[in-house]
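Dear colleague,

Please find below the sequence and the structure that I am handing over to you. My notes on what was found follow directly after.

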Amino acid sequence: RESDHRAWTPVSYTVTRQNATVQGLTEGKAYFFRIAAENIIGMGPFTETTKELVIRDPITVPDRPEDLEVKAVTKNSVTLTWNPPKYNGGSDITMYVLESRLIGKEKFHRVTKEKMLDRKYTVEGLKEGDTYEYRVSACNIVGQGKPSFCTKPITCKDEIAPPSLDLDFRDKLIVRVGEAFSLTGRYSGKPTPKVTWLKDDIIVKEDDRTKIKTTPTTLCLGILKSVREDSGKYCVTVENSTGSRKGFCQVNVVDRPSPPVGPVIFDEVHKDHMIVSWKPPLDDGGSEITNYIIEKRDAHRDVWMPVTSATVKTTCKIPKLLEGREYQIRIYAENLYGISDPLISDEMKAKDRFRVPDAPEQPIIKDVTKESAVVIWNKPYDGGKPITNYIVEKKETMATRWVRVTKDPIFPSTQFKVPDLLEGCQYEFRVSAENEIGVGDPSPPSKPIFARDPIAKPSPPVNPEAVDKTKNSVDLSWQPPRHDGNGKIIGYLVEYQKVGDEEWKKANLTADSCPETKYKVTGLTEGLTYKFRVKAVNAAGESEPAYVPDPVEVKDRLEPPELILDANMAREQHVKAGDTLRLSAVIKGVPFPKVSWKKEDHEVSPKADIEVTGVGSKLEIRNTVHEDGGIYSLTVENPAGSKTVSVKVVVLDKPGPPRNLQISEVRSDSCYLTWMEPEDDGGSVITNYVVERKDVASAQWVAVSSSSKKRSHMAKYLIEGTQYLFRVAAENQFGRGPYVETLKPIKAIDPLHPPGPPKNLHHVDVDKTEVSLVWNRPDRDGGAEITGYLVEYQEDGADEWTKFQTVPMLDCVVTGL
């Protein structure tokens with residue numbers, strides 16, 4: 001059957017041999033064939049040819065190969081390529097035979113010994129400078145065909161060609177963030193050039209997003225998911241030994257901008273509008289900002305209202321506000337590629353807030369001469385309206401009235417040279433700012449300056465000398481410099497140097513710590529020798545040093561102690577109780593003496609404050625009491641001797657309580673009080689005593705006497721039968737002392753005595769064993785009612801009286817006689 005048909009066509013049914021000739025085929029067509037065996041029973045299965053068979057003339061050798069070309073030449077090799085012959089002779093090509101001939105020779109020699117089917121071959125091992133020509137033949141099953149046409153003569157030498165570069169990209173490329181981009185091209189050159197990629201003059205390295213692919217003829221740089229940082233100037237360099245070529249591309253990876261930079265500044269705030277400003281985004285997304293979108297929102301509502309979306313300025317007027325409401329402002333930046341995230345302001349209340357400008361800060365004065373000075377200040381807050389003028393005023397320091405330095409406006413400069421100053425006068429300056437609302441408060445006055453020409457450094461101090469010394473200090477003294485450099489001497493710097501050292505050390509760090517022409521250098525080492533020098537300092541700087549002529553050995557100068565008593569250290573010191581006792585004295589001596597205070601040869605009371613300074617000592621007792629009196633002594637002592645002074649201190653106070661209060665001669669209406677003077681009269685004479693009484697049933701004391709100078713008193717006008725307590729206090733010129741009180745109350749009654757004898761005793765009847773007696777009452781009852789009469793009898797001649805009985809009446813019958 002034909003290869004493009006499905007139907008099989010029978011060729012013969014009577015073939016008994018194992019071959020057959022098929023007639024009637026068409027040249028050039030392809031056929032499949034099949035054969036089956038047959039016997040009496042029937043036909044067996046077919047066997048089919050595996051490949052189609054094209055009907056051609058009988059097989060010949062192949063045609064000659066075509067297009068033999070030289071692809072590369074070096075000093076010792078040649079690379080050749082060719083195409084197969086147009087007709088393979090009716091049989092597949094089994095190999096190619098490559099031959100070469102050295103120019104000048106007649107014969108071709110086979111280059112390859114092995115079987116070669118590739119149509120590319122590099123002839124190696126050639127000699128530099130030799131010239132060859134080449135040809136190639138194809139072989140099939142029949143044999144070797146005709147050779148190809150020969151190449152041109154080829155001389156073995158390195159081929160050189162400068163690099164060439166053909167780019168697929170333009171000078172500029174714009175890419176959206178997140179997209180991929182690639183830079184591709186083709187190149188050539190001999191020897192093969194080296195390809196290098198740079199971005200902004202830095203070599204590009206491969207990473208997760210950056211891919212570089214280079215073949216012998218093509219180059220490619222690819223970047224996945226680009227970001228803004230991928231923007232830059234890309235450069236590809238193709239270089240070999242003959243030269244180099246470069247290609248450039250400015251890649252701009254664009255995105256929407258970043259938000260505007262805050263904070264939102266409220267330049268002006270009014271009751272119905274505001275003016276706000278902001279700063280452009282830090283990143284414009286690689287594309288110029290086309291406009292800003294501004295929105296406003298009432299702080300108590302959720303809705304944002306548009307203000308404008310057509311401004312390219314970084315300031316905007318927010319109109320149509322309601323007075324008293326608080327607003328927020330929201331600002332977006334927009335470019336060709338999108339809108340940024342918003343910048344949101346703080347809340348701001350819509351209200352007029354214009355006022356006069358604030359007071360500037362304290363101005364600074366510079367460049368002072370004898371007739372002018374430059375005043376410099378900082379711009380203050382303008383109160384909501386632009387500042388239109390500054391007013392500079394001056395006054396002499398001791399004057400009270402400020403005077404404007406010029407009537408001309410001063411703006412926008414924040415400094416002014418004030419003319420027409422009087423040499424030697426001291427001036428202060430102040431500045432006020434003015435806007436359309438009015439003139440603001442003036443600044444604080446500047447530091448005072450003297451109108452005088454700039455000063456120079458002073459001359460050195462005069463005649464420095466060491467005037468005193470101790471084991472760790474030296475006292476220096478000097479005269480002021482002859483020339484102060486037209487500036488006030490601020491003070492002096494004192495320096496010292498240990499003999500043998502090179503370094504000078506500062507005794508004081510700043511000149512103003514030594515304003516006088518003397519200084520005590522402390523912290524020196526006993527026994528060492530030091531040099532000293534002094535510099536004068538004014539506002540212009542330090543003078544040259546003046547040296548103390550001779551080195552000074554540091555050691556104590558011995559002077560015995562000396563006490564110069566203050567007035568409060570007289571022989572006797574009186575102080576009122578409750579007041580403060582102060583004892584003080586000036587102390588001299590080298591080294592400074594040790595100071596000790598004593599009272600009656602004992603330590604002074606802990607309540608005493610004792611202060612010792614470098615020139616004296618002071619003892620102070622606050623709220624003195626009588627016990628603080630006594631003999632106080634001050635002792636000062638150093639290795640050269642000692643000295644002691646004493647003072648008697650009398651603390652004047654109210655007297656103590658009287659002693660030994662006694663009551664006698666108690667009557668029904670009076671009694672007699674006696675006492676002794678107090679042990680302590682308070683340092684002052686007792687002027688009088690105060691006597692008081694109190695009914696025990698009463699809480700109130702009643703004065704009996706307040707002016708008695710004696711130590712006894714008759715208390716009269718008592719109520720008979722009442723019980724009384726008495727107390728007595730002493731008084732001096734400082735007041736009344738404490739009372740002394742009777743321990744037990746006394747009762748106001750007359751004292752009791754035995755009654756007088758009954759009168760007119762006589763008998764009125766007599767019997768043999770009894771006698772009836774009567775009598776009269778006695779003249780006195782002894783101060784108490786008579787309770788009875790005792791009747792006694794005695795036998796005549798006997799010594800003893802015998803008690804009979806006590807009877808209540810004025811009569812009695814004595815029985816049992």
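Please bear in mind that the structure is a predicted model. In residues 163-252, 64% of the span is strand and 0% is helix, and the end C-alpha atoms lie 28 Å apart. Residues 561-646 are 62% strand and 0% helix, with 16 Å between the end C-alpha atoms.

**An open sheet**

An open sheet is formed by 5 strands, whose order is β47-β54-β53-β49-β50, and the pairing in this sheet is mixed. The edges are held by β47 (572-576) and β50 (602-603); each has a single partner strand, so one side of each is left without a neighbour in the sheet. For β47, 5 bridges join the strand to β54 (residues 641-652), and the two run parallel. Within this pairing, H574 stands opposite V650 in β54.

**A hairpin**

Strand β55 (residues 659-664) pairs with β56 in the antiparallel sense, over 4 bridges. Here R659 stands opposite M676 in β56. The hairpin of β55 and β56 has 6 residues between the strands, and E665 takes a positive phi near 50° in this hairpin.

**Aromatic contacts**

The structure holds 15 aromatic pairs. One of these is formed by F181 and Y234, which are edge-to-face, with 6.1 Å centre to centre and 75° between the planes. This pair links distant parts of the chain, since F181 belongs to strand β14 (residues 181-190) and Y234 to strand β19 (residues 232-240), 53 residues apart. F181 counts as buried because its relative accessibility is 6%, under the cut-off of 20%. Y234 is buried as well, with a relative accessible area of 3%.

W675 and Y689 also form an edge-to-face pair, at 5.6 Å centre to centre and with 65° between the planes. W675 lies in strand β56 (residues 671-676) and Y689 in strand β57 (residues 688-695); the two are 14 residues apart, and the pair links distant parts of the chain. With a relative accessibility of 5%, W675 counts as buried. Y689 counts as buried too, at 3% relative accessibility.

**Charges over rings**

Which ring lies under the charged end of K233? The ring is that of F248, and the charged end of K233 sits 4.8 Å from its centre. A further arrangement of this kind involves R533, whose charged end sits over the ring of W504, 4.3 Å from the ring centre.

**The largest pocket**

The largest pocket holds about 1100 Å³ of space. Its lining consists of 33 residues, of which V11, S12, R34, I35 and A36 are the closest to the centre of the pocket. Both β2 (34-38) and β3 (43-48) supply at least two residues each to this lining. The largest share, 5 residues, comes from β2.

With kind regards

Notes:
Residues are numbered from 1 along each chain as its sequence is written. This is a predicted model: local features need pLDDT of at least 70, side-chain atom pairs count only at pLDDT 80 or more; totals for chains, interfaces and linings use all residues. Side-chain values use heavy atoms; hydrogens and water are left out. Two strands pair if DSSP finds at least two bridges between them. Rings of Phe, Tyr and Trp (its six-membered ring) pair if their centres lie within 6.5 Å; planes under 30 degrees apart count as stacked, over 60 as edge-to-face and the rest as tilted. Buried means under 20% relative accessible area, exposed over 50%, partly exposed in between (1.4 Å probe, protein chains only). A charge sits over a ring if NZ of Lys or CZ of Arg is within 6 Å of the ring centre and within 35 degrees of the ring normal. On a 1 Å grid over the protein atoms alone, a cavity is a set of points where a 1.4 Å probe fits but cannot get out, and a pocket is an open set with protein on both sides within 12 Å along at least five of seven lines; lining residues have an atom within 4 Å of a point. Grid points are joined across faces, edges and corners, and a volume is the space filled by probe spheres set on the points.
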